[in-house]
Amino acid sequence: MSTVSTARRPVALRALAIAAAIAAPLALSGCFPIDVTNAQRIDGGATAEGDDPIVESDDADGAGLDELSFEDGALLTAASTAEWADGLMFDDGWTLTSPDDGNGNWGYTSADGACTAAYWQGFIGDVDTSSGDDRIATDEMLAVVFGATAAEVGEVAVDGGFALGAPGNDEVDTRYVVGDDGTVQWVVAGRALVQPGLGFTLTIDCTGQDPEAVLDELNQLSAIAVVP
């Protein structure tokens, strides 16, 4: 199977990989190849699907959690819940251009048209979570997105963070991969929660803008709300 690369993966392929390969039940038969040539390493900036991606969270610390490191994932249980608290819908800088498709996928386009942001949340029942480790499982989940192996993802993925509970922090440990084909720059970031069997991804495509900076911007607008 081909390896993971920072060369641009077409948006349609990434969307298909997320929608078809991750949404429960996961389909692991598809492979969307890219390789690790000229891989870049970057510093981290740092539920189940529903009808509405907007979640109101009254607890900025994620229902009593001050952070959700990879190790803290062990504090969750099979009964824990988590979902995106999505504030982009209320921000003039982003327009909802892909409403929730019923499979946990929805997306936005920036006001200047330079970037898109695609969110996903759902079950990861067919991702290999036998390690019981959220970090390892997150690389396994991203491997499904990229049609690669977890080892190949591990060569290019670095640690980052999503916001926890309320926007404006980076307390949810994530893994992400960045790419640049000279015209389009992209980031695919994700987090798997082994105990409740849930996964989250955020895919950013930009033209002429730094997707890592956009990832930081989106952490000021969206978060993962967790009820342990």
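Predicted model: local features only at pLDDT ≥ 70, side-chain atom pairs only at ≥ 80, totals over all residues.
1. Where does V172 sit? You'll find V172 in strand β6. As for its surroundings, set aside the neighbours within four places in sequence, and V172 is in contact with L68, G160, G161, F162, A163, L164, R191 and I224. Take G161 from that list: G161 and V172 lie 11 residues apart along the chain, with 5.1 Å between their C-alpha atoms.

2. Now step back to the sheet. It is an open one made of 7 strands, running β2-β3-β4-β8-β7-β6-β5, with antiparallel pairing. At the edges are β2 (94–98) and β5 (158–162), each of which pairs on one side only. On average, neighbouring strands here are turned by 25° against each other, direction ignored.

3. Residues 115–123 (β4) and 198–207 (β8) pair in the antiparallel sense, over 9 bridges. Here C115 stands opposite C206 in β8.

4. Which strands does helix α2 touch? Helix α2 (residues 134–146) packs on the sheet and touches β4, β5, β6 (172–180), β7 (184–193) and β8. The direction of α2 makes about 135° with that of β7.

5. Helix α4 (residues 211–219) also packs on the sheet, where it touches β2, β4, β5, β6, β7 and β8. Compare its direction with that of β8 and you get about 130°.

Note on methods:
Residues numbered from 1 in each chain as written. Heavy atoms only, no water. Pairing = 2+ DSSP bridges. Helix = DSSP H or I, 4+ residues; strand = E, 2+ residues; numbered from the N terminus. Axes fitted to C-alpha atoms, helices over the stretch in contact; angles between N-to-C directions. Contact = heavy atoms within 4.5 Å.
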